[in-house]
Amino acid sequence: MLVVVAAKCALNLAFAGRYGWQRDELYYAVAGRHLQGGYVEFPAVTALLSATAHALFGWSLVGFRAFAILAGAGTMLVAALVARELGGERRAQVIAAVAVGFSPLLIATNGLFQPVSFDQLTTMVVLWLALRLALGRGSWPALGVAAGIGLETKYTLAVPLVLLVATFLVWRRDVLRDRGFPIAVVIAAALLVPNLIWEAQHSWTSVHWFLNPPASATDESRPQYVVDLLLVTHLVAVPVAVAGVLSLVRDRLLRPLGWTVVGTALAYLVLGGKSYYAAPAVLFALATGAVPFERWATRRRLRNVGIAFVDFLVVLLPVGLPVLPLRTADKAGVVAARSDYQDEVGWHALAHRVEGLARGTDVVLTLNYGEAGALDLFGRDLPPVASGDVTFRYWRPKVDGRRALLVGLAKGDARFCRRYRVVARIAMPVDNEERGRPIARCTLDGSLAAVWPRVLALYD
């Protein structure tokens, strides 16, 4: 187990510093400077981890991403524990760790500091603890703690939690009659109090965001959702996941877990969620499937499956990790195939360009959180940076003057300006416009506080 986990961590660490900071990572890094009870699209745990990473490693990208890599290691260990709970011996536990840890999803997501990696760990822990309860040796208070922390990590855990209660209610009411169940609910609710207070103070902004998400949050078609969910299992291991679900559904004691996995995948398919929302449940299915797979796998079968598993992993590896030099990956179409790579380059160049243009201005106003995050982290001697995008809208700096430098805002967007003059253009790798995004000087039509409602109107 230690060898397998160390190999997975080494693989991610070897390429953790390549290409550069990803757009979302810039946002999470700035969020770590603004610790609060919640944020527009995510709860507080990610920002807490960001602040911890900065305290330990400064602005080291490798140090930042090490937290996601450690979360992946934890997910592998929990997968082995799941196999052990189901009676799997050493070989089954190692198979579970390999199937989960070296799935394309875990390799790719653990390469970036994002809530996805932490959600995978907390969801696996919740399902493992629920499995122990179904087997009669678990602890409801422990599950309550895990559920509370998990919901403070990513709201998407709510779906499997609701399904767990519903399926236990249908098939295992005896588990819910335990006096520990209400205690678990109270513990989870108590851990959510800071987030609920923040949401109430900000008009439940996260609810509005999820009900009306931007196009980038819903750009995965339903057929693509199914394909991506199959890729979570590495394709070669799809039968293992299916075997895991079937073994759970056929066992009266464990049936709630099986239908929770199926229900989570179907729920996000119907709700229009992304495949990685349901992926932790699929990883749990892989871990449970390791036990029947181990019984089936003779030495010859295991060798043949292992060869196919490794071959498929090698083919997909450049898409999951930046193993290729950037120019080579770009020429091979790998950068175009994965938007995360496009979002990792160009930020230092943007900050340097803005530094030379921002002299004499009172504020820099950016179109999106990536630009704001890059200028906040990499800019030197810049005036305050502001943006109306996502949670940046609540971090408006105090600015007295009206001279602004606009980054990425076209003239049609800058209706709060008296004067607007493009002074440069910068082409970011994520841009479709050949000329690049405008950088313009602007005289605000009033103080920043006065025009802020018109700025926010661009995003509402």
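In this predicted model, strand 3 (residues 403-407) and strand 5 (residues 437-444) pair in the antiparallel sense over 5 bridges, where strands are DSSP runs of E of at least two residues, numbered from the N terminus, and two strands pair if DSSP finds at least two bridges between them. Within this pairing, Arg-441 of strand 5 is the bridge partner of Leu-405.

Turning to the helices (DSSP runs of H or I of at least four residues), the axes of helix 9 (residues 158-171) and helix 15 (residues 255-271) come within 9 Å and cross at roughly 140 degrees, the axes being lines fitted to C-alpha atoms over the stretch in contact and the angles running from 0 to 180 degrees between N-to-C directions. The crossing of helix 9 and helix 15 is right-handed. The contact, meaning heavy atoms within 4.5 Å, includes Leu-163, Phe-168 and Trp-171 of helix 9 and Trp-259, Ala-267 and Tyr-268 of helix 15.

Residues are numbered from 1 along each chain as its sequence is written. Local features need pLDDT of at least 70, side-chain atom pairs count only at pLDDT 80 or more, and totals for chains, interfaces and linings use all residues, while side-chain values use heavy atoms, with hydrogens and water left out.

Note on methods
Left-handed = near helix turned anticlockwise from the far one by under 90°.
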